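I'd like to walk you through a structure, so let me put it up on the screen.

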Amino acid sequence: DQLLESAPFESSYFHTTGNTAWRVRNYANMYRGLVTLCDAFKYSDNTAFARLMEMLDTHRVFSVFKDFGLCDKGQGLPAIVLGGLRDGVSLLSLAAAYRAIANGAAYTYPRIVQYAEFTDGSFLSFPRSQERLLVNDYRVVRDLQFALRCAGPSIRGAKHAGKSGTTSAGSLLAAYNDQIASVIWVGYGRPMAEGDPKAIDATSTFERFMNVLLGHKSDLLSI
């Protein structure tokens, strides 16, 4: 039930490498006053999350991101709560993190190849890594699942847990259901103005991809 302020933010605690205050604004400069954490997820409210970061144990935040495979020790900056990583993060790592959230924080390192078959008929298998439970308090995971479900997209009328985001460089969607975790990034050939209606978003691209893949209109639950 914690309310967070959605308004231009200037930190009194965090500073940039140039020793100036960390400043955060929302996409297209849209603000909503006091918002719940669920609404902050739903609207990708950067300023609300920046204020939340000041309330948290930053070392614990960085540790959780590292446990979920989303950063290394050298990327511990407050902008991580906004998805700001100096070296970025792979789509595979994001999919693995969302899979873990869906599975109650049980994390398995992602694999690309399940097995290889050789010309002599022999096989070489690549088993999954050992599953690790990253969060002991299930209430925390349940609350995160609820927030992601509130923020997730609706595809063909079906609601999915997840998060979308947009920058001038592209659009991202990370989502999951009971069967699959999916992440898609749509990069723009040139920087797009914020709110440009011509910009293609990842959610609609993913829906079109699934329509082609399955040969008919469907939602993620049909996979």
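Let's begin with the cysteines. The closest cysteine sulfur to that of Cys38 belongs to Cys150, and the two sulfurs are 3.8 Å apart, which is too far for a bond. Please keep in mind that this is a predicted model. The cut-off for a disulfide here is a pair of sulfurs within 2.5 Å, and by that rule the count comes to zero disulfides.

Which element gives the most to its lining? That is helix H4, residues 91–102, with four residues. The lining includes Leu92, Ala95, Ala96 and Arg99. Also in the lining are Thr108, Pro110, Arg111, Ile112, Gln114, Arg128 and Ala181. If you sort the lining residues by class, you get six nonpolar, two polar and three charged.

Let me stay with one of those lining residues, Thr108. You'll find Thr108 in the loop between strand E5, residues 106–107, and strand E6, residues 115–117. Thr108 has 7% relative accessibility and therefore counts as buried. Setting aside residues up to four places away in sequence, Thr108 touches Ala96, Arg99, Arg128, Ser129 and Glu131. Ala96, Arg99 and Arg128 are also among the residues lining the second largest pocket.

Now back to H4, this time for its packing. Two packed helices are described by the angle between their axes and the distance between those axes. For H4 and helix H5, residues 138–151, the axes come within 9 Å and cross at roughly 115°. Which residues meet there? From H4 we have Tyr98, Ile101 and Ala102, and from H5 we have Val141, Leu144, Gln145 and Leu148. By class, that contact has six nonpolar residues, one polar and no charged ones.

Apart from neighbours within four places in sequence, Val81 is in contact with Phe49, Met53 and Phe65. Val81 and Phe62 are 19 residues apart in sequence, and their C-alpha atoms are 9.1 Å apart in space.

Helix H3 also contains Val64. With a relative accessible area of 27%, Val64 is partly exposed. Val64 and Leu134 are 70 residues apart along the chain, yet their C-alpha atoms are separated by 8.0 Å.

Finally, a couple of backbone details for those of you who like torsions. Asn19 is not a glycine, but it has a positive phi of about 65°. Asn19 lies in the loop between strand E2, residues 9–15, and strand E3, residues 21–24. Is Asn19 buried or exposed? At 61% relative accessibility, Asn19 counts as exposed. Ala28, another residue that is not a glycine, has a positive phi of about 60°. Ala28 is in the loop between E3 and strand E4, residues 33–36, and at 33% relative accessibility Ala28 counts as partly exposed.

I'm happy to go back to any part of it.

Technical notes
Residues numbered from 1 in each chain as written. Predicted model: local features only at pLDDT ≥ 70, side-chain atom pairs only at ≥ 80, totals over all residues. Heavy atoms only, no water. Helix = DSSP H or I, 4+ residues; strand = E, 2+ residues; numbered from the N terminus. Buried < 20%, exposed > 50% of the residue type's maximum accessible area, 1.4 Å probe, protein only. Contact = heavy atoms within 4.5 Å. 1 Å grid on protein atoms, 1.4 Å probe; cavity = no way out; pocket = protein on both sides within 12 Å on 5 of 7 lines; lining within 4 Å. Nonpolar A, V, L, I, M, F, W, Y, C, P; charged D, E, K, R; others polar. Axes fitted to C-alpha atoms, helices over the stretch in contact; angles between N-to-C directions.
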